[in-house]
Structures are given as C-alpha cells and as structure tokens.
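These are my notebook entries on a single structure. I recorded what I looked up, entry by entry, with the cut-offs where each term comes in.

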Amino acid sequence: MSRIEGDRWFRAQGPVFAVALLVCIVAGGTIGYVEIEGWGLWDAFYMTIITVTTVGYKEVHDLSRAGQAFNVVVLISGVGAALYTFTLLATVVVEGGLPKRLQKRRHERMLETIKDHFIICGYGRIGSIVAHQFRRQHVPFVVIERDSERLQAAMEDGALAVEADASREEVLKRVGIDRARGLIAAVGTDAENVYAVLSARVMRPDLFIVGRAETEDATIKLRRAGANRVISPYQIGAVQIAQTALRPAVVDFMELATSTENLELAMEEIMVAPHSTLAHQSILAANLRQRFGIIVVGIQREDRRMEFNPEPETLIHPGDKLVVLGRPESLKKLEATAAEARA
C-alpha cells in the first residue's frame, strides 16, 4: 500500500478503528475483572470505565495481586486508546464533518432568503466579469455553474454559488427564481444559453433576462426563447474598437459616465413610480436641472421606445425610465423623488 493510499484509508477507516479498539478494551477489561476477581458485570464494567478515563474514583472492591497487575494493563492500554480515539474524533469533527455541515446549512439558508437578486448562469470569462461588476455595486446575485473548478473559483471570490445545470427547473427554484430580479445566461455554449433562457421564461414570464450569444443565429433563438436582451460580446467588442479608433473622446466620456469607480459623474436610469410627484409633468415644470443638477439624456417609455435628448416641454409619464447624467448624490435624490407619491 502506497503512502497516499494509506492516508486515504486512515481518513476513511481511522475513526472506526479507534472506536472499535476502545470498545474491545472496555469489553476485555470487564471480562477480565469478572474472571480474575469474580465481580458482577456492572462492577467490572464500572471499574473498567473509571480506570480507562482516569477519573480517580476509589476502587469498587479491593484488588488481589493478579487484579492489580491486570488493572495496570487496562490502565495503560485503555488510557492510550481513549486519548487516541477522542483526539481522532475531534480532528474529524473540526476538519471535516461539523464545519462542512454548518457551512452547508448556512449556504441553504442564504439561498432560501435571498431576494431581488440576479441569477448568473455560468462563471466563465463573461460570467465572472458580470459577477465582479455586481459585487462592486453591491447587487445580490447567485451563480449557477456546472464545472467544479469554476464553481470553486466563484466561491473563492465570495459568490453564493450552486453546482448544477442552469436549464433545470428544480435548480432555478432552488436559487430563488420566483424572488429574482433578473437572469444572466452566460453559459459556455449558445445551446445551453437557449435552454436556460427558455426554462427561466416558462417559470417567470415577467423576469428580465439577458442572454449571451456568439452567433447571429443564436441571437434570434435566444430572443424567441424569451430573452429581453441579447448581447454578443464579439460584436460589442468590435464596435467598441471601431468607436475608440474613430471617436476616442466620446468613448472616454462614456466610460467615465458608466464606470462604477467614478465618484464625480454617473449615468443612471430612474423609474418614475405610478403616483410619483414627477408624473404628468414636463421636464421644464419638474425643474430637474435646477433642483437636482442633472441632465436628462433620454426617456424610455413603457413600450420601450426611447426618446433621446428630449425637449424641455416633453411630458414625463408614470412608468417611464429617465436616463440621466449627474453626480451620484444628485441621482439618489432624484430616485427618491421619482418614487415619492403625491400628497
């Protein structure tokens, strides 16, 4: 048997062997006291236990010379076996069983209570970057990854992760799709992404879903499966390269406005609540520029139609999304006002 095989055997069978050895010593001690001293079973068992555990109680009965010699044997062998057994069991509890069980219970409890979160299907190059951005912006999320190495990487990064197939409905239920804010399908292949999007759409018709596509055909299929948005990393990367080459200042401005690291300027979308104080007012009447120091870049209507650079007389309707540019603190004030109901 090699050293590695011996270590595996010890981890698997060591605790069983130690407990069996201790039981044999207790049983042998009990029988020995019965045969040598003629005691009853209970007295013999009790004497064995106080000897093995070294509690220091008085002997049950006076021992003969042969009984004293046997008692020495029980004491030496029993104490050694007891220490070995208790140490080994404590090691198993500390290094394996108990912490893992506690961690598993904590993991399941977090899955049961998480809400208003995103489900990230896949933790490859795209999924890990998405998770990093969510983490920076303190957005809750759960990762579903089938590959054990990538799952371990996600957990090492501090993500709440599940090793499973993202297209299975029971898995989506486990990660709280009924309480989720959205789903990102970024698995390795287009086929897997289509299945994941289709399963999620069937379970949650109102869920916001973003799918990753590598080909134009996959883009069409993902939209048919129910994705609200389909992103092609290669197409976006190519467009970004072209825009950087043609209009570097514009690209620099957009990166500055959308970067989470920028503390002076940010671009955000603000939802106008149904009974908001901003609803049914024009941009000019709402006095957004003077009150909040922000610029309205566009307005997305409920039918997803986008109005860029709206005129001051443009009305703000309930359910609109204001795409605005300003300081982070100003955007937070505007967001609170947009959600505030009329008196």
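**Entry 1: the sheet and its helices**

I began with helix H5 (residues 148-156), which lies across S2 and S3 and runs at about 165° to S3. For such angles, axes are lines fitted to C-alpha atoms, for helices over the stretch in contact, and the angles run from 0 to 180 degrees between N-to-C directions. Helices (H or I, at least four residues) and strands (E, at least two) are DSSP runs, numbered from the N terminus.

I noted the basis of the work: this is a predicted model, in which local features need pLDDT of at least 70 and side-chain atom pairs count only at pLDDT 80 or more, while totals for chains, interfaces and linings use all residues. Residues are numbered from 1 along each chain as its sequence is written, and side-chain values use heavy atoms, with hydrogens and water left out.

I then looked up the strand order. The open sheet has six strands in the order S3-S2-S1-S4-S5-S6, with parallel pairing; two strands pair if DSSP finds at least two bridges between them. Strand S3 (160-163) and strand S6 (229-231) are at the edges with a single partner strand each, so one side of each has no neighbour in the sheet. On average, neighbouring strands of this sheet are turned by 20° against each other, direction ignored.

Strand S1 (residues 118-121) runs parallel to S4 and is joined to S4 by four bridges. I found Cys 121 opposite Ala 185 in S4. Helix H4 (residues 125-136) packs on the sheet and touches S1, strand S2 (141-145), S4 and S5; contact means heavy atoms within 4.5 Å. The direction of H4 makes about 155° with that of S1.

**Entry 2: cysteines**

I searched for disulfides (a pair of cysteine sulfur atoms within 2.5 Å) and found zero. Cys 121 has a relative accessible area of 0% and is therefore buried, whereas Cys 24, with 53%, is exposed. Buried means under 20% relative accessible area, exposed over 50% and partly exposed in between (1.4 Å probe, protein chains only).

**Entry 3: helix H7**

Helix H7 (residues 190-203) has 14 residues and reaches 20 Å from its first C-alpha to its last, close to the 20 Å expected at 1.5 Å a residue. The expected span is 1.5 Å times one less than the number of residues. Among the buried residues of H7 I listed Asp 190, Asn 193 and Arg 201. The buried residues of H7 pack against helix H6 (169-174), strand S4 (182-185), strand S5 (208-212) and helix H8 (216-225).

**Entry 4: single residues**

Thr 30 lies in helix H1 (residues 3-37) and counts as buried because its relative accessibility is 9%. Leaving out residues up to four places away in sequence, Thr 30 touches Leu 41, Ala 44, Phe 45 and Thr 48.

I placed Glu 307 in strand S10 (residues 306-308); at 22% relative accessibility, Glu 307 counts as partly exposed. The side chain of Glu 307 makes a polar contact with the side chain of Arg 305 (3.0 Å). A polar contact is a pair of N or O atoms within 3.5 Å; within protein, one must be able to donate a hydrogen and the other to accept it, and residues adjacent in sequence count only if both atoms are side-chain atoms.

Finally, I checked positive phi values. His 280, not a glycine, has phi near 65° and sits in the loop between strand S7 (266-271) and strand S8 (281-282). Arg 304 has a positive phi of about 70° in the loop between strand S9 (295-300) and S10.
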